[in-house]
Amino acid sequence: MWQSFRNGSTYDLRTGDSVVDDPHGGYPWGPGRSVRARVVCMLLLSGPPALDGRVASLKLAGLQITDVLDVAGGTVVPYIEMVGCRFEKEIQLPEARFTTLRLVDCSIPRLEAARIHTEGDLHLPRCRMQNGIRLTDAHIGTDLLLNQAIIYRDRRGRSIMADGMSVGQDLQAELMESHGEMSLRGAQIGVSLSLRGSRLANPYGRRALNAPQLTVERTLYLTPAAVGNPPFTSGATPARGTRVQRFECQGGVRLDDGRFGDAVDLEQARFTLENDQELSLRRIQVPELRFLGKRPDRGRVVLSGAKVITLIDRASSWPGSGQLAMGGFTYENLVPVDHFPLSRRLDWVAAATADFSPEPYERLASVLRAGGEDADAREVLLAKQRRRRETLPVAGKVWGYAQDWTVAYGYRPGRAAVWMAVLWLVSALAFWQAHPAPIQPDDHPEWNAALFALDLLIPVINLGQDGYWMLRGPWQWAAAALIAVGWILATTVAAGATRTLRRG
């Protein structure tokens, strides 16, 4: 091993038998495949110089490291790569500095690496951690890889503790299994965070993913991954017939106050929540939210205060009434996937307003109107008035039903025009029987009941009948009622015509 370190070659003690060499299996490795952790530390911190023309590096395969590997606070210059190794006890790396550290397919009781600093990558693919990973305030110069890792919780219930961590480029944790809380509070990812095909489960606590104030410069992927060879898809389209594993999360998700430069992608994601758990996206800011996962049967989806430019969604992805909160949720564009009729969109808004709030209706109407769908926008505002009506006292409800039945709260001006025509016809027939006396016997037009009724019904316009005839008794009241109704209906028709012209 000493000579392998000096010439940069791999010190390999694997037998070639996959069962014997499995670091996660139960086959015992004797003293012939074991090395003390102290010897490894000596090589890393004060190893011999490299041979001429070589670069010193520690490359181990199929070894068992006994005791605690402790290089806390040390500066490790050589490149490190350990493949298929077993660690008898935990690895202690707090405040240590590395160039690149690669532990591939290793069995590790626990990795303690708070405030670790690497100039290059930290790779932990296919590793198994029995008592979690601690990467609090770690600084990873380029990529952090956790692909296909299996990580169990520590005594505090956390599988990955990485609060305040910064990663220069990508954090890839594809097809990973996390049994406990994955905590990324305040973490900063320089490019993308990929959890494609991963399975997070925390039946012991409230959240499986706890990442408030997370910053991702590009995209957060909670999407499927292809299970094949090679297993890491990183967004590539799998070949036909390839088995695909979706992202699954058993337990709450908290992404509150997150900032995402490109998108949050939930394509085919499945969230299994208890009644008191949430998929919480409060106050996130993201240009594009792809809400295309499977509808959670229980729990809540919370988008209160979120700011999204483009919302790409599917009708079947949203939960039902009482499971959705969208107070203060703003979006500028709607891009539905598959069939998403306006009736389902109104159900979506109603599900978010168990207690009536006009804001979600007004936001949806504004977005539809900006997209040129003025008729749909009026339907949304009409639905808002109908929801509001249910909160009014009895008198308000009666008046609301009257407004709805007659003019649809002014959002269907064609109905008002029909009512005007009906009232004009009825009033013309009625006034035909009136035979009123002229106010000035020598100065009046010929009596015309149809024009007189139309003159009363249409405000502002003078047709030469109103003001020349003297009505008495019930006819006066009928004329006054017709004038009042005419103002209401004419205003409704004019408002509708104005909206039509403005849209044109």
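Two strands are taken to pair if DSSP finds at least two bridges between them, and helices (H or I, at least four residues) and strands (E, at least two) are DSSP runs numbered from the N terminus. The structure described here is a predicted model, in which local features need pLDDT of at least 70 and side-chain atom pairs count only at pLDDT 80 or more, whereas totals for chains, interfaces and linings use all residues. Residues are numbered from 1 along each chain as its sequence is written, and side-chain values use heavy atoms, with hydrogens and water left out.

The secondary structure of the protein comprises 10 helices and 45 strands. Of its 504 residues, 48% are buried, where buried means under 20% relative accessible area, exposed over 50%, and partly exposed in between (1.4 Å probe, protein chains only). With contact defined as heavy atoms within 4.5 Å, 51% of the contacts between residues at least 6 apart in sequence join residues at least 24 apart.

An open sheet of 11 strands is present, with parallel pairing and the order 5-8-12-16-20-24-28-34-38-40-42. Strand 5 (69-70) and strand 42 (324-325) stand at its edges, each with a single partner strand, so one side of each is left without a neighbour in the sheet. Strand 5 pairs with strand 8 (residues 91-92) in the parallel sense over 2 bridges, and leucine 69 has isoleucine 91 of strand 8 as its bridge partner. Further along the order, strand 16 (residues 133-134) and strand 20 (residues 158-161) are likewise parallel and paired over 2 bridges, with arginine 134 standing opposite methionine 161 of strand 20. Strand 20 is in turn joined by 3 bridges to strand 24 (residues 181-183), the two running parallel, and the bridge partner of isoleucine 160 in strand 24 is methionine 182.

A nonpolar core is a set of buried Ala, Val, Leu, Ile, Met, Phe, Trp, Tyr and Cys residues joined through side-chain atoms within 4.5 Å. The largest such core holds 110 residues, of which Met82, Leu93, Leu135, Met176 and Phe271 touch the most other members. Helix 3 (residues 37-46) supplies the largest share of this core, 6 residues. When residues up to four places away in sequence are not counted, phenylalanine 271 touches Leu222, Phe247, Cys249, Val253, Leu266, Leu279 and Pro296. A second, separate core of 12 residues includes Met420, Ala453, Leu471 and Leu482.

Helix 4 (residues 342-351) and helix 5 (residues 358-370) pack at an angle of about 145 degrees with their axes 9 Å apart, the axes being lines fitted to C-alpha atoms, for helices over the stretch in contact, and the angles running from 0 to 180 degrees between N-to-C directions. The contact is made by Leu342, Arg345, Val349 and Ala350 of helix 4 together with Pro360, Tyr361, Leu364 and Leu368 of helix 5. The buried residues of helix 4 are Arg345, Leu346, Trp348, Val349 and Ala351, and their cover includes strand 41, strand 42, strand 43 (330-337), helix 5 and helix 6 (374-389).

Strand 41 (residues 307-314) contains threonine 310, which counts as buried at 15% relative accessibility. Threonine 310 touches Pro287, Glu288, Leu289, Asn333 and Val335, residues up to four places away in sequence again being left out.
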